[in-house]
Amino acid sequence: MRRIFAGVIMLILMSLVTYVLFFSGGLHPERAACGKNCSPAQWEQTKKALGYDKPAVVQWGEFLKGTVAGRTYPEDKALAKANPSLVSTCPAPCLGYSVVNTTNVSTEVKTAFPVSFSLAILAFIMWIVGGVFFGVIAALRRGTVVDRGIVGVSLIFYAFPTFWIGLFFLKFFAIQWQIFPVPSYVNLTDSPLAWLGNLVLPSLTLALIYMAGYVRMTRAFVLESFGEDYLRTARAKGLPNRRVLVKHSLRASLTPIVTMAGLDFGALVGGAIITESVFNYDGLGALAVDSVRTLDLPTIVGLVVVLAAFIILANIVVDILYAVIDPRVRLG
Amino acid sequence: MTLQTSQLESLEPTPVESDESSTKAVAGLSPSRLALRRFRRDRLSMVAFVVVASYVVLALLAPILVKIGFIDPFKFHQNLLDANLGGIPKGKFGGVSGSHLLGVEPGTGRDVLARMWYGVTFSLTIALAATLVSSVLGVVLGIIAGFRGGLIDATIGRVIDLTLSFPQTLMLLALSTVFVLAIQNALNVNVNLANGIYEVLVLGLFGWPTVARLIRGQVLSIREREFIDAAVLLGASQRRIYFKEILPNLWAPILVSFTLTMPAYVSTEAALSFLNVGIKPPTPTLGNILDGSINYAQSDFLFFFFPALLIAIIVVSFNLLGDGIRDALDPKSDR
């Protein structure tokens, strides 16, 4: 409970920092709403209607209020009564109104989220399974060609830039040789098979990047556990090798892996900016790129807050999982 | 990035002059001598060291060579391009020839080798500067947090948490809209220099918390040692304790984190170029060369491949060097 409270405080602070950074002037987010032939008077009016004329801190206050109570654009009760069609409402939790895309930011996030989530979850499964599997193999075959090969290959995938690997997959596996479909997002509910088939390349790209760290970590921890007394005991009492490996050795390396996996996943759910841009997936990452390109400040701020919420949530979940996995840890 | 944090976290919090002398080495060797010896024996690390050293030297030479005209990364060679094929270089392998060892750039005909060579200079400079910013900030704040404890520690700790909670890639991307222009106006520099400065500052500002956490952990154990008590009793100033007493004990983790952060920033520079942030052509960086090669992936594969390969070599060699240094400094670690 204390943690969740601290997390909320953190989010509020972060939104303040973001507001001050982006809304302190210099940029003119209202320009897009005003249309092509924007007279100075109209400009001022638009600015006022959207609330951009106020200082950043005041706007931040309105943003906070909106996340709890919802808000209307423009904030004008008389106008809302007289002519409801001129007022745009944004129900709670309101993250702001995107002038560029003429929708509420929360709607944008809701539309894009399933794409990013699908990508993240599939990549996550791939890299965890792959990382732990190859890490264990490398540890068991320590010092051999197999070990060096696994560590070497994972390092190579780590070393090439993400977007390069993604583009390589896209241009050759999908376009040139047509082994995989050219990825485009299909809803899981529409066709589970197409959903999966289209996601293979993008999630593989992500998984390969992340896997290197997991291979190394699993390998290191399994090797370390080989030197422990409890492992010798387990062997001495005649447990089969597989049981020793899974129940005793891997169990010990679970905590660091879960920590790292939880935090990585939390960050990834918020959209893989590069992978999504490479494969043209309209997830949160692509939304972020678009909003930066079009100077869509409300969307940027909304995204920062949402993604930060994922990261903070992942931190909390990892802390709780700690206690579940490792009985020695107590939740403070 | 993930790989890097895991490596940082696995650093043993042993101060430099721990019981290393108890290893079977001949008496009279200093700990750093011992470390150097261990490092020299590790063949992989030596190879990595030689590779890193050689492109650092090449990167230092590049500006001079460009000035005297030995390499020319800016000159167009339209005559080497096949206009019928949309500006793809004539001949095999992307126009490889005696005067253009790695071929020429499609569309412009600039020499690929020269651009990559000069690009290493810019990429490494950005990575180095950003690593310096994050290391200096991280070390200073880490020492202060670890040594002072109490409210100061708590405050720095919260700021670290806050910084780490920001979605990094998004911030690196989004902040460019505000800050590149601001830097340009404030310092009165051209766009590309402003782009470079922006990249360095932002990478540094988001990179210091990891270093600070690492350093703070080490300082917590160092501050309990007798020589710190002695320094305090002798009336040493805070600054003296930070920089003359504590800092010399930290050079091992600093060095390791430095060599592991550099390659991460080289990759980040490339990634940011892909997202249209950072230094733009004609000034070459590995990132913008690679970004420019994307559209030619199928028609001129080598041009698509070489810059990526070079980035990969830099990242791998730096990482191996960092691992080697860590292993050499910490006798307990074992690959």
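**Exercise 1. Locate A:Phe22 and decide whether this residue is buried or exposed.**

Solution. Start with the element: A:Phe22 lies in helix H1 of chain A. Helices here are DSSP runs of H or I with at least four residues, strands are runs of E with at least two, and both are numbered from the N terminus. Next, take the accessibility. The relative accessible area of A:Phe22 is 1%. Buried means under 20%, exposed over 50%, and partly exposed in between, with a 1.4 Å probe and protein chains only. A:Phe22 is therefore buried. Last, look along the chain: A:Val301 is 279 residues away from A:Phe22 in sequence, yet the C-alpha to C-alpha distance is 8.0 Å.

Before going on, note that this is a predicted model, in which local features need pLDDT of at least 70 and side-chain atom pairs count only at pLDDT 80 or more, while totals for chains, interfaces and linings use all residues. Residues are numbered from 1 along each chain as its sequence is written, chains are lettered from A and ligands numbered from 1 in the order in which they are written, and side-chain values use heavy atoms, with hydrogens and water left out.

**Exercise 2. Describe the interface of chain A and chain B.**

Solution. Count the residues in contact (heavy atoms within 4.5 Å). Chain A brings 44 and chain B brings 45. Now take the buried area, the accessible area (1.4 Å probe) that two parts lose on being put together, summed over both. The two chains bury about 4,000 Å² between them, 80% of it on carbon and sulfur atoms. In chain A, the most area is lost by A:Tyr158, A:Phe163 and A:Trp164, together 16% of what that side buries.

Then find the charged pairs. A salt bridge needs a side-chain nitrogen of Lys or Arg within 4 Å of a carboxyl oxygen of Asp or Glu. The rule finds one across this interface. The side chains of A:Arg216 and B:Asp323 form a salt bridge, at 2.9 Å from N to O.

Finish with the make-up of the chain A side. Helices H1, H6, H7, H8, H10, H11, H12 and H13 of chain A each supply at least two residues to it. H7(A) gives the largest share, eight residues. By class, this side has 35 nonpolar, four polar and five charged residues. Nonpolar covers Ala, Val, Leu, Ile, Met, Phe, Trp, Tyr, Cys and Pro; charged covers Asp, Glu, Lys and Arg; the others, Gly among them, are polar.

**Exercise 3. What is the secondary structure of chain B?**

Solution. Chain B has 12 helices and two strands. From the N terminus, the order is α-α-α-β-β-α-α-α-α-α-α-α-α-α. Of its 335 residues, 53% are buried.

**Exercise 4. Find the backbone exceptions in the loops.**

Solution. Begin with the rule: most residues other than glycine have a negative phi, and most peptide bonds are trans.

- A:Asn280 has a positive phi of about 60°. It sits in the loop between H11 and H12 of chain A. Its relative accessibility is 63%, so A:Asn280 is exposed.
- B:Asn188 has a positive phi near 55°. Its loop lies between helix H6 (168-187) and helix H7 (191-222) of chain B. B:Asn188 is exposed, at 69% relative accessible area.
- The peptide bond from B:Pro281 to B:Pro282 is cis, with omega near 10°. B:Pro282 is in the loop between helix H10 (251-274) and helix H11 (286-293) of chain B.
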